[in-house]
Amino acid sequence: MRIEGKHYHTIWVKEGSRDTIQVIDQRVLPHQFVVHEIRSASEAATAISDMIVRGAPLIGVTAAYGLYLACLADSSDKALSEAASLLKASRPTAVNLAWAVDLVMDELLSLPINERAEAALKAAEKIKADDIEICRQIGKHGLEIIRELYEKEQRTINILTHCNAGWLATVDWGTATSPIYQAMQEGIPVHVWVDETRPRNQGANLTAFELLQEEIPHKLIVDNTGGHLMQHGMVDMVIVGTDRTTAHGDVANKIGTYLKALAAHDNQIPFYVALPSSTIDWDLKDGVKEIPIEQRSGEEVTSIWGWSKGEMTQVKLSPKGTPAANYGFDVTPARLITGLITDRGVCEASKEGLLRLYPERLSTDG
Ligand code: MRU
């Protein structure tokens, strides 16, 4: 997608320097555009845990490149296994991370040591390219839902989204935003309500930035506004992303998603979740009980980062000494979800719905 009219991906190999991976530093957007360089698996793990890169699909791609960098340093089984463990531990909730690491490791461990670096680079490039196409397909299927609503209403379609499941969370297009971008390209008028998404404000910082760059009409709202808008007919549909989806259709996404789903359900507003299949954890059934929820530093709650006098500044919000809890994600049960928008099509959020789209999982499902 575009920044100042120029097309970017969120991650790439540095031109002329195959031992360096470059990413857009998402901690300083939208105020500064900084390209951050990653030169080792441990730097890749830090980029993920410090949220220089974030969003389930992008952290998976970053981890795959991290294994490539690990190969450049030492391609032995021991060194790669250590790098894989480090990368997997960098954030707990998004399953894409473990999925990408396992995919690359399975391939590497079957190869002679001297072939591993080249194979790891190829694997990472493939995961990246696949992610772009998968997000494009998600957009194509989600567009059909928006088009149907538009044909019925014949007016601007108001879509609410939470956090950033945009192109900055993937490589390009995004998941939740891909249908929105494609609707705009087709000439369907859309307007997006952007939840600010405390405590890290991915909505205010990243989704608003993306939509502005792509010239999509939108308005930023504080996290508690969605219910009010829904009660007053100002939201036609909700589309969010997911960090982990159980085989039965429960979805873990940024903290606060569950409350939006409850409000949407109470107001009979369609609530959709957009996802690549790498986000489905086929081993899990009950999301509330089984999905690990990341807890981050309380400092993200008791203070806030912003732009002041030409630099990023942290401002204290609560009294010194106030303890805070910082749960990064919550789980929205399948019963509150109207549909899952995947790269293979839209399905009901249920075991049956997912298996209809992924029949190859029939034999392994419990
Ligand atoms: O903590 P973050 O910013 O990594 O959380 C991101 C989200 O919750 C996204 O909605 C999710 O990863 C889906 S991204 C396509």
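Predicted model: local features only at pLDDT ≥ 70, side-chain atom pairs only at ≥ 80, totals over all residues.
Student: What about the side chain of Q202?
Tutor: An N or O atom in the Q202 side chain is 2.8 Å from an oxygen atom of the ligand.

Student: And how far is K254 from a ligand oxygen?
Tutor: A polar side-chain atom of K254 lies 2.7 Å from one.

Student: How much of the ligand's accessible area does the protein cover?
Tutor: The cover is 100% of the 420 Å² that the ligand has on its own.

Student: What sort of space does the ligand take?
Tutor: That space is the largest cavity.

Student: Which elements give two or more residues to the shell?
Tutor: Those are α2 (56–73) and β11 (251–254).

Student: How many residues surround the ligand, and which are closest?
Tutor: There are 19. The closest are R54, R91, Q202, N253 and K254.

Student: How does the shell split by class?
Tutor: It has 7 nonpolar, 8 polar and 4 charged residues.

Student: Why does the ligand lie between the domains?
Tutor: Because domain 1 (2–130) and domain 2 (138–363) both give residues to the shell around the ligand.

Student: New topic. Which residues does a cis peptide bond join at P30?
Tutor: The cis bond joins L29 and P30, with omega about 5 degrees. P30 sits in the loop between β4 (21–24) and β5 (35–38).

Student: And the bond from R198 to P199, cis or trans?
Tutor: Cis, with omega near 10 degrees. P199 is in the loop between β7 (190–195) and α7 (202–213).

Student: Why flag bonds like that?
Tutor: Because most peptide bonds are trans.

Student: What is phi at E4?
Tutor: Near 50 degrees, a positive value in a residue other than glycine. Most residues other than glycine have a negative phi.

Student: Where is E4 found?
Tutor: E4 is in the loop between β1 (2–3) and β2 (6–7).

Notes:
Residues numbered from 1 in each chain as written. Heavy atoms only, no water. Near = heavy atom within 4 Å. Polar contact = N/O pair within 3.5 Å; in protein donor to acceptor, adjacent residues only side chain to side chain. Areas by Shrake-Rupley, 256 points an atom, 1.4 Å probe, with all protein chains shown as cover. 1 Å grid on protein atoms, 1.4 Å probe; cavity = no way out; pocket = protein on both sides within 12 Å on 5 of 7 lines; lining within 4 Å. Sits in = over half its atoms within 2 Å of the grid points. Helix = DSSP H or I, 4+ residues; strand = E, 2+ residues; numbered from the N terminus. Nonpolar A, V, L, I, M, F, W, Y, C, P; charged D, E, K, R; others polar. Domains from an automatic or database assignment.
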